[in-house]
Amino acid sequence: MSAREIDVAVVGAGMAGIAIASALRRGGIDRFGIFERAHAVGGVWRDNVYPGIECDVPSHLYAFASHPNPMWEHEFARGPEIQAYLGDVVASERLNGHIEFDTPLRRAEWTGSHWSLTFSGPHRRSIDAQVLILACGRLSQPRLPDVAEVSPFRGEVVHSARWNETVSEEGNRIAVVGTGASAIQLVPRLVERGHQVVLFQRTPSWIVPKNGREYSAVEKALWASDPSRLRQVRQDLYDEGEARFASRSGDRTAAEAARSIALDHLKSQVEDSRLRARLTPHYPFGCKRVLLSDEFYPAVASDSVVLESSALAAVDGNRLISATGASHEVDAVVFATGFETTRQPYAELVEGEQGRTLAEHWSQGMTSLGSTLVSGFPDLFILNGPNASLGHNSSILMIEQQCDLVLRLLRERRGPIRPRAESELAYSAEIDERSAGTSWVAPGCTNWYVDERSGRLTLLWPGTVAAFRDRLAAIGPADFQQPWPSDAQGAT
């Protein structure tokens, strides 16, 4: 093949993109480029700037093991803290020279020997790369209900992931559509700002206490002076997270104990029994993402919030009509309705062997080998993609395991890495077997982890982080088309 411009192209400069770039650097692979569609690093932590944005994973576990941060201000980091942390990692790893901003991927085509990539934006151009790593994130494309697309509203309308401060200036009465992770952070802040909120709740969430706090100067100084203490904090948090797998996945005893904690939390914060009933889920604990908050229930129970226990059905001027027929006049609307998760937007842009796109390959739901490789797409790695999310622990831990796999395969590589279709099918069957009987696929459970086309669990890894690490370690030459490795080409 002709000389390549770079060996590895990384698409995305969020958590996953920075993680793999750092791993490549430490692994001695320097001919790589990072292509970011936006103007800065950070991914979801760059895009999500709504009031109250913070992580629901403890700070010391929502950081790379290779870059511990003794100076986190809060037990659960605020969005700007995480954005600043990622910038620090980029600087310490000397990645700035590898990143091209404002460079959205337009097309990626496998030529038979390498990837040909076309980018749009002000830096519109094409490049060749041997290896393509998609680190585009699973929460990058906001999802809007149909009514938001076809019904005109006369006031300000935003998605929580595209926050605009003019929403708070548009008037006093704001509708928030959705009661998921973003909404439960946003609503208390809107109330705090003096707004009247109409909250559209299609389905209530299981919410447990957060109990977050600000770290003291003494704690931070101790962690900075003694890295072993910081490692122990991370280990303890990891162990706590792994222990949560039982309650999140549907173990009857563990789930019932966690459910009782959630119900006690609701009862302690909402005095009105009728309101409590409307805020109580009627699906298995763990079916949907379990949320953490100490502020949401008090805000909803205040005089500042009207809880509409049904979906938004129609818009008439400045009036929102619920599925029950109730009408609410508001000045602005915030859609906290999540993201396109089971149908990743980048899949349309990536064309593998025989001209088949990832979207076509995933027409019945995302599949993979090791949540990282896809048959028919040589030398392609996907981070934070199929079955790489978690419902009980930090997703950063999963990304780190994927990075280890990528680096191992690149070190062993002697020619294009082509996963066998049989290996992908076998891994998908394993996912189905592991997920059977869990709360995520239980009767009466609907969530964004399951693909509606196939009914398969395609977002979550249905196991512990330790089990994921062991499964990736088992991936070897038998999972790839032969000859591999071979001496036909030099290693990347």
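Which residues do ring pairs link into a cluster? Ring pairs join Phe-64, Trp-72 and Tyr-85 in this way, where rings of Phe, Tyr and Trp (its six-membered ring) pair if their centres lie within 6.5 Å.

## About the model

This is a predicted model, in which local features need pLDDT of at least 70 and side-chain atom pairs count only at pLDDT 80 or more, while totals for chains, interfaces and linings use all residues. Residues are numbered from 1 along each chain as its sequence is written, and side-chain values use heavy atoms, with hydrogens and water left out.

## Two helices that cross

Two packed helices are described by the angle between their axes and the distance between the axes. Helix H1 (residues 15-26) and helix H14 (residues 395-412) have axes that come within 9 Å and cross at roughly 40 degrees. H1 and H14 are therefore oblique to each other, since angles under 35 degrees count as roughly parallel, over 145 as roughly antiparallel, 65 to 115 as roughly perpendicular and the rest as oblique.

The contact (heavy atoms within 4.5 Å) is made on the H1 side by Met-15, Ala-16, Ala-19, Ile-20, Ala-23 and Leu-24, and on the H14 side by Ile-396, Ile-399, Cys-403, Val-406, Leu-407 and Leu-410. These residues divide into 12 nonpolar, no polar and no charged, where Ala, Val, Leu, Ile, Met, Phe, Trp, Tyr, Cys and Pro count as nonpolar, Asp, Glu, Lys and Arg as charged, and the others, Gly among them, as polar.

Trp-362 is found in the loop between helix H13 (358-361) and strand S18 (380-382), and at 3% relative accessibility it counts as buried (under 20% relative accessible area, with a 1.4 Å probe and protein chains only). Leaving aside residues up to four places away in sequence, Trp-362 touches Tyr-346, Ala-347, Thr-367, Val-374, Ile-382, Pro-386 and Arg-453.

## Aromatic pairs

The structure holds 13 aromatic pairs. Because Tyr-346 lies in the loop between strand S16 (332-335) and strand S17 (350-351), and Trp-362 in the loop between H13 and S18, the pair ties together parts that are 16 residues apart in sequence.

Tyr-427 and Trp-461 form a stacked pair, with 6.4 Å from centre to centre and 15 degrees between the planes. Tyr-427 is buried, with a relative accessible area of 1%, and Trp-461 also counts as buried, at 2% relative accessibility.

Conventions. Axes are lines fitted to C-alpha atoms, for helices over the stretch in contact, and angles run from 0 to 180 degrees between N-to-C directions. Helices (H or I, at least four residues) and strands (E, at least two) are DSSP runs, numbered from the N terminus. Buried means under 20% relative accessible area, exposed over 50%, partly exposed in between (1.4 Å probe, protein chains only). Rings of Phe, Tyr and Trp (its six-membered ring) pair if their centres lie within 6.5 Å; planes under 30 degrees apart count as stacked, over 60 as edge-to-face and the rest as tilted.
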